[in-house]
Amino acid sequence: FKTIEPAMRLVAGWLEGLPIAKARQKLQQRITYAGDYLGLSANDLLALSILSAVGMAFVGIFMSYMATLPVIITIFLVGLGFYMPVMSVDSEAQERFKQVNRSLPTAIDLASLCMGAGLDFPGSLRQIVEKSSSKDAVLVEEFGRILQELELGRVAEELARASQRGSQALTSLAQLGRAALQLDQELLLDSSLEGEAHRHLGST
């Protein structure tokens, strides 16, 4: 990757001005599902696809010249080369989904226990992240991402993104989080109203 990175950055810079916002959005979504694969941006991934296609085109031309293969082989290799980086990203995303599916049910139980003991939803996630034996686990990484976004105040958006990155189990956790956050807000409101009532009675 380090060998082709300078060329990738160069091509990505050329692609910056192209009006392909929808394509970039879809590619960025795939990269996000793959855990920000190799730190790539949508333009980087597209540049990798172009470089891979060019490389496979040279391979196809060489094979056609040496073995007198039909030109269709070169076209096939170009298409394959273009899609190979995207396939690598999708493969990483699928592997992350599998890991999330295996470990999430236990995490949901732990979060429920923590919330039953009086912690709020972010506090429950923080306990799971801090007490986890493997800081590199995919689920711990995703929980850490959710906590960062919660601290920035982007609650609903991040919970929606979290449910998209995982499976039905992660969607269940997102729904649990929404319910918990709503309950926290209701309790905070009740506490505020109760305080106002006490102050009002005290003044009378």
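**Close-up views of a predicted all-helix model**

Buried residues account for 36% of the 204 residues in the protein. The model is predicted.

**Figure 1. Overall arrangement of the secondary structure.** The protein has eight helices and zero strands, in the order α-α-α-α-α-α-α-α from the N terminus. Of the contacts between residues at least 6 apart in sequence, 59% join residues at least 24 apart. The accessible surface is about 12500 Å², and carbon and sulfur atoms contribute 62% of that area.

**Figure 2. Packing of helix α2 against helix α3.** Helix α2 spans residues 21-33 and helix α3 spans residues 42-67. On the α2 side the contact is formed by R24, L27, Q28 and I31, and on the α3 side by A42, N43, L45 and L46. By type, the residues of this contact are five nonpolar, two polar and one charged.

**Figure 3. Salt bridge between E5 and R9 in helix α1.** The structure as a whole contains four salt bridges. In this one, the side chains of E5 and R9 meet with an N to O distance of 3.0 Å. Both residues belong to helix α1 (residues 5-15), where they are four residues apart, about one turn of the helix. E5 has 26% relative accessibility and counts as partly exposed; R9, at 36%, also counts as partly exposed. E5 and R9 are joined with D44 in a network of salt bridges.

**Figure 4. Salt bridge between R30 and D90.** The side chains of R30 and D90 meet at 3.2 Å, N to O. R30 sits in helix α2 and D90 in helix α4 (residues 71-116), so that the pair links distant parts of the chain, 60 residues apart. R30 is partly exposed, with a relative accessible area of 32%, and D90 is partly exposed at 22%.

**Figure 5. Salt bridge between R96 and E141.** Here the N to O distance between the side chains is 3.5 Å. R96 lies in helix α4 and E141 in helix α6 (residues 138-151), so the pair ties together parts of the chain that are 45 residues apart in sequence. R96 counts as buried because its relative accessibility is 6%, under the 20% cut-off. E141 has 33% relative accessibility and counts as partly exposed.

Definitions and conventions:
Residues numbered from 1 in each chain as written. Predicted model: local features only at pLDDT ≥ 70, side-chain atom pairs only at ≥ 80, totals over all residues. Heavy atoms only, no water. Axes fitted to C-alpha atoms, helices over the stretch in contact; angles between N-to-C directions. Helix = DSSP H or I, 4+ residues; strand = E, 2+ residues; numbered from the N terminus. Contact = heavy atoms within 4.5 Å. Nonpolar A, V, L, I, M, F, W, Y, C, P; charged D, E, K, R; others polar. Buried < 20%, exposed > 50% of the residue type's maximum accessible area, 1.4 Å probe, protein only. Areas by Shrake-Rupley, 256 points an atom, 1.4 Å probe, with all protein chains shown as cover.
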